[in-house]
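Trainee: I would like to go through the labels on this model and ask what each one rests on.
Mentor: Go ahead.

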Amino acid sequence: MTEQDPSAGDDYVPRTLATRFTDSDRDRALERYIGTVLRQQRVERDLTIADVAGLAGLSRGMVSKIENGQVATSLDSLARLTEALGITFSQLFRDYDSPEGGAQLVKAGDGLEVVRRGTRKGHTYHLLAYNRGHQRNFEPFLISMDDESEAFPTFQHEGMQFIHMLTGEIEYRHGKHVYTLEAGDSFTFDARVPHGPERLVTVPLRFLAITVFNDSD
């Protein structure tokens, strides 16, 4: 499983400028942020520090210090610099103090293979996301089955379950009823009722199975 995590190390590339700063940088976070944005905008426009200083009516030394986050910039100087670069104040501060988030990215084929009741030859489960904490809000699985799958277990657990067929055709039991699911079909049901595959009609077969748990589950 590949996880996009701001603490993941050198391979992590932040998508917003604000996430480049750690808590230890907070004393000068605003100055560093402003300097980083201004420098980035200058470089994108193929301008030198001398060019920007001339357009803004500031010294080259002052522009350099601002870009390096070494000084607290006055509103007047900021107004001159943003005008020289052709950007607005809202564009300048767009990414400041943006939430870092905690998203998980699972690349194709990287889901965590899970051994659970029903896992057997020709029948695999790949967990596509997980919670680090104790609370489980949902569990998404990519399930693959082929003609080597044998007897199928019956499942019964808390939550609502959603199945979306990707390939193949299956007869799926829920309670006393059997439903035929084909590629593109979606199926939602109460997971507290006994359920599970009844017969593989067309293989290989792949489907997403997502269980959503209530807060009290």
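**Labels and their grounds**

Trainee: What classes of residue make up the lining of the largest cavity?
Mentor: The model is a predicted one. The lining of the largest cavity has 5 nonpolar, no polar and 2 charged residues. The residues in question are L38, R42, V52, V63, E67, L81 and L85. Arg and Glu count as charged, whereas Leu and Val count as nonpolar.

Trainee: How many cavities of 30 Å³ or more are there?
Mentor: The count is 1 cavity of 30 Å³ or more. The largest cavity holds about 30 Å³ of space.

Trainee: What makes this space a cavity rather than a pocket?
Mentor: The term cavity applies because a 1.4 Å probe fits at its points but cannot get out, whereas a pocket is an open set.

Trainee: Which helices each supply at least two residues of that lining?
Mentor: They are α1 (29-44), α3 (60-67) and α4 (75-85).

Trainee: Why is T36 called buried?
Mentor: T36 lies in helix α1. Its relative accessible area is 15%, and buried means under 20%, so T36 is buried. A polar atom of the T36 side chain also lies 2.8 Å from the backbone oxygen of R32.

Trainee: Which residues of α4 are buried?
Mentor: In α4, the buried residues are S77, L78, L81, T82, A84 and L85.

Trainee: How do you know that they line one face of the helix?
Mentor: Seen down the axis of α4, the buried residues fall within an arc of 160°, so they line one face. An α-helix has 3.6 residues a turn, so residues three or four places apart point the same way. On the other side of α4, L75 and E83 are exposed.

Trainee: What covers the buried residues of α4?
Mentor: The cover includes α1, α2 (49-56), α3 and α5 (89-92). After α4 comes G86, with a positive phi near 75°.

Trainee: Which residues of α2 are buried?
Mentor: V52, A53 and A56 are buried in α2.

Trainee: Why are they put on the same side of α2?
Mentor: The arc they cover around the axis is only 100°, which puts them on the same side of α2. Exposed residues G54 and L55 are on the face turned away from the buried side of α2. The buried residues of α2 pack against α1, α3 and α4. G57 follows α2, and its phi is positive, near 70°.

Trainee: Why does L127 count as buried?
Mentor: L127 is in strand β2 (residues 123-127). Its relative accessibility is 12%, and the limit for buried is under 20%, so L127 counts as buried. The C-alpha atoms of L127 and I143 are 8.8 Å apart, with the two residues 16 apart along the chain.

Note on methods:
Residues are numbered from 1 along each chain as its sequence is written. This is a predicted model: local features need pLDDT of at least 70, side-chain atom pairs count only at pLDDT 80 or more; totals for chains, interfaces and linings use all residues. Side-chain values use heavy atoms; hydrogens and water are left out. On a 1 Å grid over the protein atoms alone, a cavity is a set of points where a 1.4 Å probe fits but cannot get out, and a pocket is an open set with protein on both sides within 12 Å along at least five of seven lines; lining residues have an atom within 4 Å of a point. Grid points are joined across faces, edges and corners, and a volume is the space filled by probe spheres set on the points. Helices (H or I, at least four residues) and strands (E, at least two) are DSSP runs, numbered from the N terminus. Buried means under 20% relative accessible area, exposed over 50%, partly exposed in between (1.4 Å probe, protein chains only). A polar contact is a pair of N or O atoms within 3.5 Å; within protein, one must be able to donate a hydrogen and the other to accept it, and residues adjacent in sequence count only if both atoms are side-chain atoms. The arc is that of the directions from the helix axis to the C-beta atoms. Contact means heavy atoms within 4.5 Å.
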